[in-house]
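Let's take a friendly walk through the inside of a protein. Have a look at the model below before reading on.

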Amino acid sequence: MNQAAEFCEAVTTVFEEHRNEENRIPMENYMKNHYPFFGIKAPERKQILAPLLKKYKEITEQERLEAAVLLFEKPERECHYAALAFLEKGIKKAPEHSIDTYKQLLMTKPWWDTVDMIASTLCGGYFFRYEDKLRPFTEEWRESDHLWVRRSSVLHQLKYKEKTDGLLLFETIDSLKHEKEFFIEKAIGWALREYSKTDARAVIDYLKREEVRPLSRREGLKWLKSKHPELLEG
């Protein structure tokens, strides 16, 4: 058994040992019953995972990717969270082809809880390292037939702050802004809200100039209305 399989087995074994039926039902309900849970809440899950993340910290980056794929094959959601925590440990060493695994995971048992972390943290970290790939992948993904891949294309730069490619962000929003899909509308608003903390004027001007869905507009202006309402006057 290679280290990827070993890690996967170790995670599932320890999670099974900590299964909590009392927590399981409300956790599944919160996630609209899309996926089953062991019933392990985030603080306990992180505590349980810590020794395993330390034990396997020298794993090769290829095996790290393989372990994540194996964990996403498990039914319980905590395994998917563990996969993402494991991948996050390798962000600074992620090989060039890791973006293919990230996309695969975006489309595997997708829901906002895993997709948003993959998009903003894993893909975001990847494109920060491989800057020349940000535009081509974002342009490709925003045209995808897969809802969650399109959502990801809006969120790649969520944590970039002053490093944000504003032109690319607005181009991507332009390509998706007419979709009547909650998760796209919400992602656009979230991206605009975060970017408004770095370049308020760019966001204000964009929303004055362009029509976006009402939800996207409300979400996009939420921080400005709260912190700098004077910028919205006039």
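## The second largest cavity

Helix H8 (134-141), helix H9 (147-155) and helix H10 (166-176) each contribute at least two residues to the lining of the second largest cavity. H10 has the largest share, with three residues. Helices here are DSSP runs (H or I, at least four residues), numbered from the N terminus. A cavity is a set of points on a 1 Å grid over the protein atoms alone where a 1.4 Å probe fits but cannot get out, and lining residues have an atom within 4 Å of a point.

The volume of this second largest cavity is about 30 Å³, that is, the space filled by probe spheres set on the points, which are joined across faces, edges and corners. Its lining includes Leu 134, Ser 153 and Thr 172. By class, there are four nonpolar, five polar and no charged residues.

## The largest cavity

The largest cavity has a volume of about 40 Å³. Among its lining residues are Glu 61, Arg 64, Pro 95 and Tyr 102. Helix H4 (61-72) and helix H6 (98-106) each supply at least two lining residues, and H4 gives the most, with three.

## About the model

This is a predicted model, in which local features need pLDDT of at least 70 and side-chain atom pairs count only at pLDDT 80 or more, while totals for chains, interfaces and linings use all residues. Residues are numbered from 1 along each chain as its sequence is written, and side-chain values use heavy atoms, leaving out hydrogens and water.

Key:
1 Å grid on protein atoms, 1.4 Å probe; cavity = no way out; pocket = protein on both sides within 12 Å on 5 of 7 lines; lining within 4 Å. Nonpolar A, V, L, I, M, F, W, Y, C, P; charged D, E, K, R; others polar.
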